[in-house]
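Student: I'd like to learn how to read a protein model. Can we go through one together, feature by feature?

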Amino acid sequence: MHKRTDFVIRKMTCQDIPALLEVETDVFTTTWSEQAFLDEYNNPLTTYLLICEQQQVIGYAGFWLVVDEAQITNVAVKQNWQGLGLGRELMQALIKEARKQKAQSISLEVRASNLVAQNLYTSLGFQEVGIRPGYYLDNQENALLMQLII
Ligand SMILES: CC(C)(COP(=O)(O)OP(=O)(O)OC[C@H]1O[C@@H](n2cnc3c(N)ncnc32)[C@H](O)[C@@H]1OP(=O)(O)O)[C@@H](O)C(=O)NCCC(=O)NCCS
């Protein structure tokens, strides 16, 4: 476990893709590919924010702006850095960025079993607005659909 020190939150560049792949491998069993990150980077609807400590990328979060809704695609903080408040800082910065881009709401899907992420989203004001049965293909788990009006 790391100690929390100084960190910065900034937008993604295409040079960040190798570091984002490292975050993916550290955090998820099913990971996005290099091409997937490149596609996200080249999509004009997307915004990705990274949280970094001394040049090292330790987490990221992003959304697609679809009309006036920011649809969160992913949120991840490397395992050794979890529980230090960085996921919250990242989400708060993402919400601020969605407001800046004139989104009226933010939505996301989260695994029904992922109570840590659900706690984070609820504490930021997100509410459960629906269920997508069998949404996750790896284990047919349900997704909770959560939304924040901003
Ligand atoms: C979900 C995730 C991004 C949270 O990031 P984090 O930096 O660990 O979270 P924070 O330290 O900012 O904590 C934020 C809130 O999350 C919840 N939380 C964090 N750790 C928790 C734990 N072990 N148990 C229960 N709730 C927890 C709490 O509500 C906490 O707020 P509090 O500290 O005021 O109680 C991170 O755990 C992660 O990357 N998980 C794996 C990937 C993932 O599940 N992504 C979400 C996909 S929808």
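Tutor: Let's start with burial: a residue is buried under 20% relative accessible area, exposed over 50% and partly exposed in between, using a 1.4 Å probe and protein chains only. Here, 41% of the 150 residues count as buried. This is a predicted model, where local features need pLDDT of at least 70, side-chain atom pairs count only at pLDDT 80 or more, and totals for chains, interfaces and linings use all residues. Residues are numbered from 1 along each chain as its sequence is written, and side-chain values use heavy atoms, with hydrogens and water left out.

Student: How many helices and strands does the protein have?

Tutor: Helices (H or I, at least four residues) and strands (E, at least two) are DSSP runs, numbered from the N terminus. This protein has four helices and seven strands, and their order is β-α-α-β-β-β-α-β-α-β-β.

Student: What about aromatic pairs: how many does a search of the whole structure find?

Tutor: Rings of Phe, Tyr and Trp (its six-membered ring) pair if their centres lie within 6.5 Å; planes under 30 degrees apart are stacked, over 60 edge-to-face, and the rest tilted. The search turns up six pairs. One of them is F37 with Y60, edge-to-face at 5.6 Å centre to centre and 75 degrees between the planes. F37 sits in helix α2 (residues 34–42) and Y60 in strand β3 (residues 56–66), so their pair ties together parts 23 residues apart in sequence. F37 is buried at 0% relative accessibility, and Y60 is buried with a relative accessible area of 0%.

Student: Which residues form one aromatic cluster?

Tutor: W32, F37, Y48 and Y60 do.

Student: And what sits over the ring of Y136?

Tutor: A charge sits over a ring if NZ of Lys or CZ of Arg is within 6 Å of the ring centre and within 35 degrees of the ring normal. Here the charged end of R111 does so, 4.2 Å from the centre of the Y136 ring. Y136 itself is buried, at 16% relative accessibility.

Student: One more: how many residues line the largest pocket?

Tutor: On a 1 Å grid over the protein atoms alone, a pocket is an open set of points where a 1.4 Å probe fits, with protein on both sides within 12 Å along at least five of seven lines; lining residues have an atom within 4 Å of a point. The largest pocket has 41 of them, with F28, N74, V75, N114 and Y121 nearest its centre. Strand β4 gives the largest share, eight residues.
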